[in-house]
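The following questions and answers look at surface features and charged pairs. Please view the sequence and the structure first.

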Amino acid sequence: MRPVGRRATADAGRARPPPPAAAMLADLRHALRALRRSPLFAVTAVLCLGIGLGANTTVYSIVNAMLLRPLPYAEPDRLVAVRLAKPSLGWEGNALALHHVLDLRERARSLDGLAAYAARTMTLTGRDGPEAVDAATVSAEFFATLGVRPLLGRGFRPDESAPGAARVAVVNETFWRERLGGGADAVGRVLSLDGVATTVVGVVPDHVGITGDREQLWVPLVHDGGPSLRANRTVRALARVRDGATVD
């Protein structure tokens with residue numbers, strides 16, 4: 001028989017594994033030495049990590065903005081897009097003629113608001129010369145349908161969509177601060193947009209935007225309500241479902 005004391009002494013002399021923190025530090029030192037011996041491999045590894053992280057960040061940002069984060073408007077679950085569709089002809093998600101919007105606004109009973117809009121680029125002329133600005137033409141109900149309250153001033157009135165009406169505009173908060181000084185006197189200022197004198201009537205938060213570009217300003221969608229508007233499919237539409245109604 002082997003003495004118990006001798007076996008205990010032998011077991012005590014065996015090497016114990018290092019703690020996890022020490023093991024990780026040793027692995028890190030080994031990796032750094034290997035990278036220092038192969039600088040080309042090190043650069044390639046860093047580039048691959050950077051590309052992978054950048055791609056994942058971009059994808060997450062898009063998914064978060066489009067799918068996870070709710071729309072920054074009042075009761076966003078009641079907002080719907082209105083599009084022209086005819087599956088038998090392969091039409092899906094087409095733009096509308098303005099008269100479609102006028103017809104729906106008159107006849108629909110399940111909607112609290114319906115607005116038309118179209119993206120455009122406008123030329124702002126100022127002290128630094130002409131500059132292209134992301135903008136949108138919108139019907140008078142646009143801001144109310146989204147549930148947006150202006151920070152200053154007001155939105156559009158229906159009479160401002162009539163041909164020959166005085167030209168007016170609503171601008172976003174960044175435009176207001178950077179180009180108009182950020183003061184209350186910005187409402188009433190006159191801008192030159194596409195060579196036409198345009199009066200600023202309101203300022204809205206920066207999160208307002210629906211066309212895919214981040215609009216900096218909005219002008220009324222001018223129309224005469226005539227039958228010719230039925231032929232030109234140039235606008236998109238959004239609506240707010242009436243409280244108690246369903247999307248179906």
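Q: Which residues make the nonpolar surface patch of about 280 Å²?
A: In this predicted model, local features need pLDDT of at least 70, side-chain atom pairs count only at pLDDT 80 or more, and totals for chains, interfaces and linings use all residues. Residues are numbered from 1 along each chain as its sequence is written, and side-chain values use heavy atoms, with hydrogens and water left out. Patches take residues with over 30% relative accessible area and no salt bridge, joining like charges within 9 Å and nonpolar side chains (Val, Leu, Ile, Met, Phe, Trp, Tyr) within 5 Å, where accessible areas come from the Shrake-Rupley method with a 1.4 Å probe and, for residues, only the protein chains shown count as cover. The patch of about 280 Å² is made by L25, L28 and L32.

Q: Where is the place of L32?
A: Helices (H or I, at least four residues) and strands (E, at least two) are DSSP runs, numbered from the N terminus. By that assignment, L32 has its place in helix 2 (residues 20-37).

Q: How many residues apart in sequence are the parts that R105 and E141 tie together?
A: A salt bridge, meaning a side-chain nitrogen of Lys or Arg within 4 Å of a carboxyl oxygen of Asp or Glu, links R105 with E141, and their closest N and O atoms are 3.1 Å apart. Because R105 lies in helix 4 (residues 98-107) and E141 in the loop between strand 6 (129-138) and helix 5 (142-146), the pair ties together parts separated in sequence by 36 residues.

Q: Is R105 buried, partly exposed or exposed?
A: The classes are buried for under 20% relative accessible area, exposed for over 50%, and partly exposed in between (1.4 Å probe, protein chains only). With a relative accessibility of 30%, R105 is partly exposed.

Q: Which strand holds D112, the partner of R242?
A: R242 and D112 form a salt bridge whose closest N and O atoms are 3.1 Å apart. R242 lies in the segment after strand 12 (233-241), so the pair ties together parts 130 residues apart in sequence, with D112 placed in strand 5 (residues 111-126).

Q: How many Å apart are the closest N and O atoms of R179 and E131?
A: R179 is partly exposed at a relative accessible area of 30%, and E131 is also partly exposed, at 34%. These two residues form a salt bridge, and the distance between their closest N and O atoms is 2.9 Å.

Q: How many salt bridges does the structure hold?
A: Side chains of opposite charge can pair when their charged atoms come close. The pair of R105 and E141 is a salt bridge, and the structure's total is 10.
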